[in-house]
Amino acid sequence: MAAAVRVVVGEDDVLFREGIARILAESGFDVVAQAGDADDLLRKTLAHRPDIAVVDIQMPPGRGDDGLRAALELRDRLPQTGVLVLSQYYDDQYAVDLIGASAEGVGYLLKERVGDIEVFTDAVTRVAAGGTALDSEVVARMLGRRRRDDPLDRLTPRERDVLAQLAEGKSNQGIAEALVVTSAAVEKHVTGIFHKLGLGSSPTGHRRVLAALAYLRDSQH
């Protein structure tokens, strides 16, 4: 039997933090530590070296973006530990800052997603395994921002759906299941998307996410 995914939870609201820990524990994860402020989160994560840290962006002591800064430091100091950041508000810039030059082992979700246990635990599992999980609402906002002569206009409605799923960090199989199409169809759409957007040959793995996000980020200007 595979070992349970080890998690550190960082959240200053005690009830919400304990709720996250309970959801994870009941879903088979091993919550090795909890922290109520960014400094304690760093100490405990560096000590336990878990598979993933689930971090609220706004944490003491500053109650600004202390949690995000702690997450960025963890990304730098513990590259093998995944980081899933929770935010109360939509802010695609947080997602862009968090990912930086690497989409491996990183996630960004709205805090309301914790209530959807399947979505939340899937994101934790994916990020802990070195994958990416971006909130669908953030991706939708990035897709919705248009520019003149936008190459996104070249995409079919289905290709736009696939691009959104791609930017969230889903695999071809995950996209196929979400859109109820075959994996072969997804592969064809992905190839078409990268061709139409001038992104060269179809990247694989994390490069796919970075390419999609780079394009969406540029399309906001």
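This is a predicted model: local features need pLDDT of at least 70, side-chain atom pairs count only at pLDDT 80 or more; totals for chains, interfaces and linings use all residues.

1. Let's begin with R17, which sits in helix α1, residues 14-26. R17 is buried yet forms no salt bridge. A salt bridge would need a side-chain nitrogen of Lys or Arg within 4 Å of a carboxyl oxygen of Asp or Glu, and the nearest side chain of opposite charge, E18, is 5.5 Å away from R17.

2. What does the side chain of R17 reach instead? Another is Q34, whose side chain makes a polar contact of 3.3 Å with that of R17. Leaving aside neighbours within four places in sequence, the contacts of R17 are V9, E11, D12, Q34, A35 and G36.

3. Next, have a look at helix α6, residues 136-144, where V138, V139, M142 and L143 are the buried residues. These four lie on the same side of α6 because they cover an arc of only 135° around the axis. In an α-helix, residues three or four places apart point the same way, as there are 3.6 residues a turn. At the start of α6, a side-chain oxygen of D135 comes to within 2.8 Å of the backbone nitrogen of E137.

4. Finally, strand β4 (residues 82-87) has six of its six residues buried. G82, L84 and L86 point one way, while V83, V85 and S87 point the other way. Strand β3, residues 52-56, runs parallel to β4 and is joined to it by five bridges; D56 stands opposite L86.

Methods
Residues are numbered from 1 along each chain as its sequence is written. Side-chain values use heavy atoms; hydrogens and water are left out. Helices (H or I, at least four residues) and strands (E, at least two) are DSSP runs, numbered from the N terminus. Buried means under 20% relative accessible area, exposed over 50%, partly exposed in between (1.4 Å probe, protein chains only). Lys and Arg count as positive and Asp and Glu as negative; His and the chain ends are not counted. A polar contact is a pair of N or O atoms within 3.5 Å; within protein, one must be able to donate a hydrogen and the other to accept it, and residues adjacent in sequence count only if both atoms are side-chain atoms. Contact means heavy atoms within 4.5 Å. The arc is that of the directions from the helix axis to the C-beta atoms. Two strands pair if DSSP finds at least two bridges between them.
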